[in-house]
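I opened a notebook page for this structure.

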Amino acid sequence: MTKLSLYELTDIFLLLSVDGIGPGRIRTLLSKFKSTKNILSSDYHSLIKVIHPKLAKGIINALRNRNETENIVEKELNYLEKTGAGIITIWDKEYPQLLKKIYDPPLLLEVKGNFSDRDDYSIAVVGTRMPTNYGKIQTEKIVSEFARQQITSVSGLARGIDSITHSTSIKYGGRTLAVIGSGLDVIYPPENKKLFDQICENGMIISEYMLGTKPDAQNFPRRNRLISGLSLGVIIIETAATGGATQTARFALDQNREVFALPGNVGIKQSEGTNELIQKGEATLIRNAEDVLMNLELKLKPVLGKNIPKKQVGLNLFEEKIITVLSNEPMHIDNISLASNLHVSDCLVHLLSLEFKGIIKQLPGKVFALL
């Protein structure tokens, strides 16, 4: 956790308590004054050479609350330590390298769990809180492949796609990072308490907020900005046109990160956002994890090496559609037909072709699975 002293952390909390001063302005002040101690010991006339007079007055007034702020910070640190959590700052080596590269990264993060070098090659998977069965299946398929490839998944611990992302990654032995819009002691949704604990053991919970902060709506845009900031790319599985996942995609684009979207049925609310991102050319259409890995091949090379899967060749459109709904788990022809939106007889024709190509296997009772 952070190597900064209680005194230095109190300086940062004091500066951040001033209305109108955020990480960006603190960095501007540091470029001039070199340390938080120098900032807070400077007089009004020195400060207004760098910032607005109103902000300079705010800094001077904040000094009156130093003892109170130090007590708050000390209590925060003690509680975090007791629960196995802590604070990391942008000046600590543990701070995520990808996040440092975004515009205006947070100075402080409250975290529980541990970062790994592998987390520098993370991919975010986000989507609606009310996914369709198609969305659930595709999320599991994509994230399970990332876990097998030792790629860390990032999401927001919300209901739906986020929860499926975290639980699937853990199930298949992968690492996962969860960014939340509340304090570390406020688990939301409450039914994710067990998942919260599992993530701490297989990755990390990350928050920009102090203990006790409730999951209010205004917190989630900042959370979404961190989800994309921690990732090489963001995959949108299903989302409404105005959903939070669409917002995460916008942040990713602003941060010069890759955006991917899984297409869905026209007329389904959960597909409006993904289809629109693809239509506008703001997201790359993907069918599976392989499409993402191939697109990010150069960026992922240090962790994947020669393990990047080879593209399937010689498949027609219908065969590819069937492949996206199949997994290693046996699936009955009726369910394949339903998931792929193909007639049973058409499915059987293309399944036979896939079997000849050595891609799937047929089991008794018209049940099929990937080889």
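What follows is what I looked up, entry by entry.

Entry 1, ground rules. I am working with a predicted model, in which local features need pLDDT of at least 70, side-chain atom pairs count only at pLDDT 80 or more, and totals for chains, interfaces and linings use all residues. Residues are numbered from 1 along each chain as its sequence is written, and side-chain values use heavy atoms, with hydrogens and water left out.

On a 1 Å grid over the protein atoms alone, I took a cavity as a set of points where a 1.4 Å probe fits but cannot get out, and a pocket as an open set with protein on both sides within 12 Å along at least five of seven lines. Lining residues have an atom within 4 Å of a point. Points are joined across faces, edges and corners, and a volume is the space filled by probe spheres set on them. I found one cavity of 30 Å³ or more. The largest cavity holds about 70 Å³. It is lined by 13 residues, and Gly156, Gly181, Tyr188, Phe220 and Arg223 are the closest to its centre. I sorted the lining into eight nonpolar, three polar and two charged residues (nonpolar: Ala, Val, Leu, Ile, Met, Phe, Trp, Tyr, Cys and Pro; charged: Asp, Glu, Lys and Arg; polar: the others, Gly among them).

Of its 26 lining residues, Tyr134, Asn265, Lys321, Thr324 and Ala339 lie nearest the centre. Which helix gives the most to this lining? Helix 16 does, with six residues (helices are DSSP runs of H or I, at least four residues, numbered from the N terminus). The lining has 12 nonpolar, 10 polar and four charged residues.

I counted a charge if NZ of Lys or CZ of Arg is within 6 Å of the ring centre and within 35 degrees of the ring normal. Arg66 sits over the ring of Tyr7, 4.0 Å from its centre. Arg159 lies over the face of Tyr188, 5.8 Å from the ring centre.

I counted zero disulfides (cysteine sulfur atoms within 2.5 Å). Cys200 is buried at 15% relative accessibility, and Cys347 is buried at 0% (buried is under 20% relative accessible area, with a 1.4 Å probe and protein chains only).

In helix 11, residues 220-229, eight of the 10 residues are buried. Phe220 and Arg223 are among them.

Definitions and conventions
Buried < 20%, exposed > 50% of the residue type's maximum accessible area, 1.4 Å probe, protein only. Helix = DSSP H or I, 4+ residues; strand = E, 2+ residues; numbered from the N terminus.
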